[in-house]
Amino acid sequence: NNVVQYFFDSEDDEFSYIALELCQTNLKNYIENKDRYMDFNLEKIDILKQITLGLDYLHNNTIKTIIHRDLKPENVLFSFPDKNNKVNVKLSDFGISKLIHDKKTSYTKTGKSGSYGWIAPEVWEKDKKLNRKIDIFSLGCLFYYVLTDSSHP
């Protein structure tokens, strides 16, 4: 699917370790250095579709809803080509993601919610209940970023 694969985690007295799928580059690097990645053979519509499928998986196809809360070009990765030379686009970096339990559709904001410039306006409102719409706002910013070859709305 279009979410970076998690393999396992471990910890010792000083550190936590997480083993994740290794990817080749991120969306920011890809857009700004397209000539380096000509072999990817991806159209803009393919990139946007795969990002959207990854977000749909987080929002709708898991036992619990996951709100990413930090969608930005650096958190969209490109896999290494598979045996058919296909590159997949994957969402990554779930460090500030929010898990919504028990069929709830919103949560009260706590802590950090994303990276400046990619955050939905309602995140800045005090005591605001937040939901999946904050990811949709960031997704729109990513669409603009891809379609304009790195401009930001």
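Residues are numbered from 1 along each chain as its sequence is written, and side-chain values use heavy atoms, without hydrogens and water. Because the model is predicted, local features need pLDDT of at least 70 and side-chain atom pairs count only at pLDDT 80 or more, while totals for chains, interfaces and linings use all residues.

Trainee: How many aromatic pairs are there?
Mentor: Rings of Phe, Tyr and Trp (its six-membered ring) pair if their centres lie within 6.5 Å. By this rule the count is 7.

Trainee: Which class does the pair of Y30 and F40 fall into?
Mentor: Planes under 30 degrees apart count as stacked, over 60 as edge-to-face and the rest as tilted. Y30 and F40 sit 5.6 Å centre to centre, with 10° between the planes. The pair is stacked.

Trainee: How many residues apart in sequence are the parts that Y30 and F40 tie together?
Mentor: Helices (H or I, at least four residues) and strands (E, at least two) are DSSP runs, numbered from the N terminus. Y30 is in helix α1 (residues 27-32). F40 is in the loop between α1 and α2 (44-60), so the parts tied together are apart in sequence by 10 residues.

Trainee: Is F40 buried or exposed?
Mentor: Buried means under 20% relative accessible area, exposed over 50%, partly exposed in between (1.4 Å probe, protein chains only). Y30 has 6% and is buried. F40 has 2% relative accessibility, so F40 counts as buried.

Trainee: Which class does the pair of F40 and F78 fall into?
Mentor: Their ring centres are 5.5 Å apart. F40 lies in the loop between α1 and α2, and F78 in strand β5 (residues 76-78), 38 residues apart. The planes of F40 and F78 stand at 35°, so the pair is tilted.

Trainee: Which residues do ring pairs link into a cluster with F78?
Mentor: F78 is buried, at 0% relative accessibility. Ring pairs join F78 into a cluster with Y30, Y37 and F40.

Trainee: How far does the backbone nitrogen of N88 lie from a polar atom of the side chain of S79?
Mentor: S79 is in the loop between β5 and β6. S79 is buried, with a relative accessible area of 5%. The distance from that side-chain polar atom to the backbone nitrogen of N88 is 2.8 Å.

Trainee: What is the bridge partner of Y6 in β2?
Mentor: Strands β1 (residues 6-11) and β2 (residues 16-20) run antiparallel, joined by 5 bridges. A hairpin of 4 residues connects β1 to β2. In β2, Y6 has as its bridge partner L20.

Trainee: What covers the buried residues of α2?
Mentor: The buried residues of α2 are I47, L48, Q50, I51, G54, L55, L58 and H59. Contact means heavy atoms within 4.5 Å. The cover includes α1, β4 (65-67), β5, β6 and α3 (133-147).

Methods: Polar contact = N/O pair within 3.5 Å; in protein donor to acceptor, adjacent residues only side chain to side chain. Pairing = 2+ DSSP bridges.
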